[in-house]
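User: I'm new to this one and would like a quick tour. Can you take my questions as they come?

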There are 2 protein chains.
Amino acid sequence: MAAWSERLAGVRGVLLDISGVLYDGGEGGGAAIAGSVEAVARLKRSRLKVRFCTNESQKSRVDLVGLLRRLGFDVSEGEVTAPAPAACLILKQRGLRPHLLVHDGVRSEFDQIDTSNPNCVVIADAGEGFSYRNMNKAFQVLMELEKPVLFSLGKGRYYKETSGLMLDVGPYMKALEYACGIKAEVVGKPSPEFFKSALQEMGVEAHEAIMIGDDIVGDVGGAQRYGMRALQVRTGKFSYRRKNWDFTVDPGRLTLAKSSGRSSPAVRHLRMGSQPWAPFPVNVGKLRRTTVKRELKAKTNRLHAQMFTALFFTVAERRKQPRCPPAGEWRHVVFSL
Amino acid sequence: MAAWSERLAGVRGVLLDISGVLYDGGEGGGAAIAGSVEAVARLKRSRLKVRFCTNESQKSRVDLVGLLRRLGFDVSEGEVTAPAPAACLILKQRGLRPHLLVHDGVRSEFDQIDTSNPNCVVIADAGEGFSYRNMNKAFQVLMELEKPVLFSLGKGRYYKETSGLMLDVGPYMKALEYACGIKAEVVGKPSPEFFKSALQEMGVEAHEAIMIGDDIVGDVGGAQRYGMRALQVRTGKFSYRRKNWDFTVDPGRLTLAKSSGRSSPAVRHLRMGSQPWAPFPVNVGKLRRTTVKRELKAKTNRLHAQMFTALFFTVAERRKQPRCPPAGEWRHVVFSL
């Protein structure tokens, strides 16, 4: 394993996910994750460029920034890359008129978009708006189109609120894809276009940037595919009981925030607690061979090698650290930048 | 192409789908499809055994049979194979206690099932019950289980009511599968166990039975995989603008109800209007090559041959008969049995 200093060499820009990294949403707007306000402040005082890269699609950027500022974060609207404005740009460029299945909180972002006589559907994290009636309406609009076009603002499976895990837009995107026999266009992480625009707005090249997030698919996998480095926090929806393997992640380049409470030396070998990471092959004798076989069948050959590597990697992790450590570890990494 | 007489040789039992074949649901319970009441009566007067094989999961069998009888059908509860009773059997056999996400109309079928401290989830066509809150609850129950088990009563994409197309349980099954990273167990068509129990109740072997339905996947594909013959009606959700290709269907054995109004001779070569079916290869030069390529990539090699065959087959059909013919054609076939 490479040392931290090596892993972080040449980083000029930091992309921060918001939900699950800076705060957990919930009653009364949610709560900042312990230490994250100070970490952001410290990042912004450093030589690094900082940008907030979110798939938040329940709130407009104005409302999101308002909430974050109330929680104590130093953030402005211009520093946030969010999927709704990106979707509006695409709709205008392609002359599309959407039927919107979105949360009322984000509807204002589409004020300048013609929604008459729709020729596409846009879905976002609509929360309670994902009623049967609304889903059926979106389905019917799609089925009436000669070439159904569906945009999904992100494709997250779920996110964490203070009250527990909540379904995100991804499952509803899958529902409409299956119902109509189509493939949605994702606007947001992990789409390469989305990372591209965030990096352009920050003026940083992909190889000079690191993405910090809690989603192994949207944040880590997406960033890596676009040539960035990535760091998965153990806050938000992070779980050791991963059911959602994602084999687009390159484990050789996956960096997990270390769980040790020690912050000095801040740059050290990537490790869990006091144990260095096991190099593979580790013993997977007792592990879920049937799952592996099933997955093997389902995936194309191209991904097999990556998949096995990811499996070994996560197995080692799970064995050494069965319980999820407390929140806030990524700050140690930030402090070492 | 084989003649009708050849295709139907040795048939001793007929399995009839209900929704979209006998009636279209909707306001006030729905309406019988023209001629279907007489066709069922005629079938039951014949030497053939008849069974109703449905994925209906909004209504209990009692309510479904009550509705069909009000519409004029000669049907009794004991003649219906439906997924809810089949699911109850599985739950009991495996000692599972379900969290139910089902329509109130079918809840009574689960009266004898222990639903305390759930260790699995059962979803059915819940209609308006597919609220965000209910879906999230089912999701949370699954995520809390060490080994999440999800049963889906059928996996239909949509069905047709008199007011239009309606989302079925399948899209919601896909949503939960994606959210939790799991694979649901389908109880109902096209599951082999389901056809097996229907045939056992009828006392007929698979090779002696024909399934009549409007769903190319659940009815036709499922029946063929189980060694039965199948006939797709052009009523219900049948559409020439198929977006949902299913390549588990064996087109060599796919029988479409003929659209000709002529009922004599009832047994003839399978054809559309007055044109005999084109043998393949037909010219697909102008056809959706990109779609084919995309599908090719997505499927495993094992299915490629079938897929191409299905494509050629349906292309021929579409060219010769661009508009959907009126309802009720399958009766001609019934009359020829």
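**A buried arginine and its surroundings**

Analyst: Let's start with Arg157(A). Its relative accessibility is 17%, so Arg157(A) counts as buried. Keep in mind that this is a predicted model.

User: Where does Arg157(A) lie in the chain?

Analyst: Arg157(A) is in a loop of chain A, between β8 (150–153) and β9 (158–161).

User: And what does the side chain of Arg157(A) reach?

Analyst: The backbone oxygen of Tyr178(B), at 2.7 Å.

User: Which residue touches Arg157(A)?

Analyst: Leu167(A) is one of those in contact with Arg157(A). Leu167(A) sits in strand β10 (residues 164–167) of chain A.

User: Is Leu167(A) buried or exposed?

Analyst: Buried, because its relative accessibility is 0%.

User: What else does Leu167(A) touch?

Analyst: Leaving aside residues up to four places away in sequence, Leu167(A) touches residues of chain A including Asp125(A), Tyr158(A), Tyr159(A) and Tyr172(A). From chain B, its contacts are Tyr132(B), Met135(B), Asn136(B), Phe139(B) and Ala179(B).

User: How many residues apart in sequence are Leu167(A) and Asp125(A)?

Analyst: They are 42 residues apart in sequence. In space, their C-alpha atoms are 8.5 Å apart.

User: Let's zoom out. How can chain B be laid on chain A?

Analyst: By a turn of 180° and a shift of 0.0 Å along the axis, with an RMSD of 0.0 Å. That is why the relation is one of a two-fold axis. Both copies use the same surface: 100% of the contact residues of chain B recur in chain A.

User: How many helices and strands does chain A have?

Analyst: Chain A has 11 helices and 16 strands. Of its 337 residues, 57% are buried.

User: What about contacts in chain A between residues 24 or more positions apart?

Analyst: Counting contacts with a separation of 6 or more, such pairs account for 69% in chain A.

User: How does the lining split by class?

Analyst: There are 10 nonpolar, 15 polar and 18 charged residues.

User: You mentioned α8 of chain B. How many residues are buried in α8 of chain A?

Analyst: Nine of the 10 residues in α8 (residues 216–225) of chain A are buried, so the helix is mostly covered. Among them are Ile216(A), Val217(A), Val220(A), Ala223(A) and Gln224(A).

User: What caps the N-terminal end of α8(A)?

Analyst: Asp215(A) does. One of its side-chain oxygens lies 2.8 Å from the backbone nitrogen of Val217(A).

User: And just after α8(A)?

Analyst: There, Gly227(A) takes a positive phi of about 90°.

User: Which residue other than glycine has a positive phi?

Analyst: Asn117(A) is one of them, with phi near 40°. In chain B, Asn117(B) has a positive phi near 45°. As background, most residues other than glycine have a negative phi.

User: Where does Asn117(A) lie?

Analyst: Asn117(A) is in the loop between β6 (98–101) and β7 (120–123) of chain A. Asn117(B) lies between β6 (98–101) and β7 (120–123) of chain B, also in a loop.

User: Buried or exposed, that Asn117(A)?

Analyst: Exposed, because its relative accessible area is 59%. Asn117(B) is exposed too, with a value of 59%.

User: Last topic. Which residues are joined by a cis peptide bond?

Analyst: In chain A, Lys189(A) and Pro190(A), with omega about 5°. In chain B, a cis bond joins Lys189(B) and Pro190(B), and omega is about 5° there. In general, most peptide bonds are trans.

User: Where is Pro190(A) found?

Analyst: Pro190(A) is in the loop of chain A between β11 (185–187) and α7 (192–202). In chain B, Pro190(B) has its place in the loop between β11 (185–187) and α7 (192–202).

Definitions and conventions
Residues numbered from 1 in each chain as written. Chains lettered and ligands numbered in written order. Predicted model: local features only at pLDDT ≥ 70, side-chain atom pairs only at ≥ 80, totals over all residues. Heavy atoms only, no water. Least-squares fit on C-alpha atoms with pLDDT ≥ 70 in both. Contact = heavy atoms within 4.5 Å. Helix = DSSP H or I, 4+ residues; strand = E, 2+ residues; numbered from the N terminus. Buried < 20%, exposed > 50% of the residue type's maximum accessible area, 1.4 Å probe, protein only. Nonpolar A, V, L, I, M, F, W, Y, C, P; charged D, E, K, R; others polar. Polar contact = N/O pair within 3.5 Å; in protein donor to acceptor, adjacent residues only side chain to side chain.
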